Amino acid sequence: MPATMTDMMIKADQVYKSFGQLSVLKGVDLAVKRSEVVAIIGSSGSGKSTLLRCLNHLEQIDSGNIAIANEWMVQNNTQDQAVYQPERQIKQICAKMGMVFQHFNLFPHMTVLQNVIEAPMIVKKIKRDEIVPLAQELLSKVGLLAKQNDYPSQLSGGQKQRVAIARALAMQPEIMLFDEPTSALDPELTGEVLKTMQKLAEDKMTMVIVTHEMGFAREVADTVLFMDSGIIVESGPAKSLIDHPQNLRTQEFLSSMF
Ligand code: ADP
Ligand code: MG
């Protein structure tokens with residue numbers, strides 16, 4: 001296979017998704033290479049969350065093709081309808097992706113450490129003795145090893161989100177999807193979460209990040225996509241897209257952000 005194929009971690013072509021009469025994704029194309037950091041920006045309601053949710057099969061697409069790490073998850077048939085792989089295969093494919101949401105969704109009755117080891121133990125059947133050292137390494141990476149025995153209610157929002165990141169990483173994903181990870185945080189707490197994500201980028205994690213943090217997108221992302229009304233209107237290298245947007249709608253959106 002040519003290098004460009006083997007290095008492609010997400011390839012989505014002409015993805016369409018409606019909820020009833022409402023067309024939300026109207027032919028989205030997305031290509032993410034290994035170790036690439038892609039930021040998706042755009043107004044509320046433009047379909048950013050739906051796109052992420054379609055990538056890891058939290059939503060089913062109507063039409064289009066999606067491949068993850070060169071493996072087809074869903075592909076159009078000759079009638080242009082999306083046909084999914086069997087459920088078992090989809091689970092394996094989606095296990096390559098970790099996702100972090102705006103609301104951290106930690107288990108409130110479990111300690112920080114238990115939150116991080118739960119999925120690997122239950123889903124991957126990894127023994128507690130084996131997963132605890134990895135979990136502790138990840139907690140130390142996000143700066144929260146000292147909090148391993150605390151409960152989520154004892155943490156700040158920024159700390160909770162960093163636990164959520166460690167929890168996603170404990171499944172050892174090849175790709176991380178972030179859906180507005182700092183939008184629910186007080187401004188003084190966003191920095192610590194963005195820094196954690198920046199470290200992941202430096203470690204060459206492949207990431208797709210929906211964000212309203214334009215400074216972060218400009219500095220950390222390789223590529224920025226501007227989404228509007230279910231279409232990727234403009235995409236390009238982060239700095240050039242943010243500093244010199246070509247499309248009128250991108251220009252309007254960005255000037256409303258600064
Ligand atoms: P964004 O993340 O860019 O704010 P979303 O992807 O959340 O946008 O939503 C895009 C549109 O799809 C919105 O109009 C939203 O109300 C609608 N939508 C999202 N999820 C659902 C759903 N499960 N059922 C019906 N409509 C939905
Ligand atoms: Mg959203």
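Which residue has a backbone N or O atom 3.0 Å from an oxygen atom of ligand 1? That would be G47, and I'd like to start there today, everyone.

A quick word on the ground rules. This is a predicted model, where local features need pLDDT of at least 70 and side-chain atom pairs count only at pLDDT 80 or more, while totals for chains, interfaces and linings use all residues. Residues are numbered from 1 along each chain as its sequence is written, chains are lettered from A and ligands numbered from 1 in the order in which they are written, and side-chain values use heavy atoms, with hydrogens and water left out.

Back to the ligand. A polar contact here is a pair of N or O atoms within 3.5 Å; within protein, one must be able to donate a hydrogen and the other to accept it, and residues adjacent in sequence count only if both atoms are side-chain atoms. On its own, ligand 1 has 560 Å² of accessible area, and the protein covers 59% of that (Shrake-Rupley method, 1.4 Å probe).

Now the shell, meaning residues with a heavy atom within 4 Å of the ligand. Its members include F19, L22, V24 and K48. By class, the shell has 3 nonpolar, 7 polar and 1 charged; Ala, Val, Leu, Ile, Met, Phe, Trp, Tyr, Cys and Pro count as nonpolar, Asp, Glu, Lys and Arg as charged, and the others, Gly among them, as polar. Helix α2 (48-55) gives the most, with 3 residues, and β2 (22-33) also supplies at least two. Helices (H or I, at least four residues) and strands (E, at least two) are DSSP runs, numbered from the N terminus.

On to the aromatics. Rings of Phe, Tyr and Trp (its six-membered ring) pair with centres within 6.5 Å; planes under 30 degrees apart are stacked, over 60 edge-to-face, the rest tilted. We get 1 aromatic pair. The F226 and F253 ring centres are 5.3 Å apart with planes at 35 degrees, so this pair is tilted. It joins strand β10 to helix α10, 27 residues apart. Both F226 and F253 are buried, that is, under 20% relative accessible area (1.4 Å probe, protein chains only).

Last stop: T206, in strand β9. T206 is buried at 2% relative accessible area, and its side chain reaches the backbone nitrogen of S35 at 2.8 Å. Thanks, everyone!

Definitions and conventions:
Buried < 20%, exposed > 50% of the residue type's maximum accessible area, 1.4 Å probe, protein only.
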